[in-house]
Amino acid sequence: MQKLSNDILFNKTPGNITTFIIINGKRNAAEISNFTFDKDDKVYYFNRLIVHNSLRNKGIATALMTKLISILDEEKIILHCDVNPYGELNVEQLISFYGKFGFVKDTDFNVSEKLIRFPIK
């Protein structure tokens, strides 16, 4: 496990990365789920960002995404994500959230639930 800050650790396994935020010793307070990558294309993908119900609306998802995209920008890595409204937020709210981090609709797909983010140069 790689420590990125006082609260964020990356646990890398072959073919994917799972990201955890540790808050007050509680593991899995937040997680980026099904995070996979293709080293040759420098393209990463994740299925959803999950924050424990009791910890929502405290900036945790924003902190996790901010750290993740700063790392990926340094490495010039493209990030894809699916928009999955499994929790309290709907598709439009999730698209708005990801849009704050530079995600746009992936025009290779004909659905609004596929987003892409290109590294900032």
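1. A salt bridge here is a side-chain nitrogen of Lys or Arg within 4 Å of a carboxyl oxygen of Asp or Glu. Since Arg 117 belongs to strand 10 and Asp 73 to helix 1, the pair ties together parts that are 44 residues apart in sequence. Arg 117 is buried at 3% relative accessibility, and Asp 73 is buried too, at 13%. Buried means under 20% relative accessible area, exposed over 50%, and partly exposed in between, using a 1.4 Å probe and protein chains only.

2. A word on the model before going on. It is predicted, so local features need pLDDT of at least 70 and side-chain atom pairs count only at pLDDT 80 or more, while totals for chains, interfaces and linings use all residues. Residues are numbered from 1 along each chain as its sequence is written, and side-chain values use heavy atoms, with hydrogens and water left out.

3. The whole structure holds 4 salt bridges. One of them joins Lys 114 and Asp 82, whose closest N and O atoms are 2.9 Å apart. Lys 114 sits in strand 10 and Asp 82 in strand 8, so this pair ties together parts 32 residues apart in sequence. Lys 114 is partly exposed at 26% relative accessibility, whereas Asp 82 is buried at 13%.

4. The strands around that pair are worth a look. Strand 8 (residues 78–82) and strand 10 (residues 114–117) pair in the antiparallel sense over 4 bridges, where pairing requires at least two DSSP bridges between two strands. Asp 82 stands opposite Lys 114 here, and these two residues also form the salt bridge described above. On another pairing, strand 9 (residues 104–105) runs antiparallel to strand 10 and is joined to it by 2 bridges; Val 104 has Ile 116 as its bridge partner. Helices (H or I, at least four residues) and strands (E, at least two) are DSSP runs, numbered from the N terminus.

5. Another salt bridge brings together the side chains of Lys 42 and Glu 75, at 4.0 Å from N to O. Lys 42 is in the loop between strand 5 (36–38) and strand 6 (43–46), and Glu 75 is in the loop between helix 1 and strand 8, 33 residues apart. Lys 42 is partly exposed at 36%, as is Glu 75 at 42%.

6. Now for helix 1. Its 15 residues should span 21 Å at 1.5 Å a residue, and its end C-alpha atoms are 22 Å apart, which agrees; the expected span is 1.5 Å times one less than the number of residues. Among its buried residues are Ile 60, Leu 64, Leu 68 and Leu 72. After the helix comes Lys 76, with a positive phi near 55°.

7. Finally, the largest pocket has a volume of about 570 Å³. Of its 23 lining residues, Leu 49, Val 51, Arg 56, Leu 89 and Leu 94 are the closest to its centre. A pocket is an open set of points on a 1 Å grid over the protein atoms alone, where a 1.4 Å probe fits, with protein on both sides within 12 Å along at least five of seven lines; lining residues have an atom within 4 Å of a point. Strand 7 gives the most to the lining, with 4 residues.

Note on methods
Grid points are joined across faces, edges and corners, and a volume is the space filled by probe spheres set on the points.
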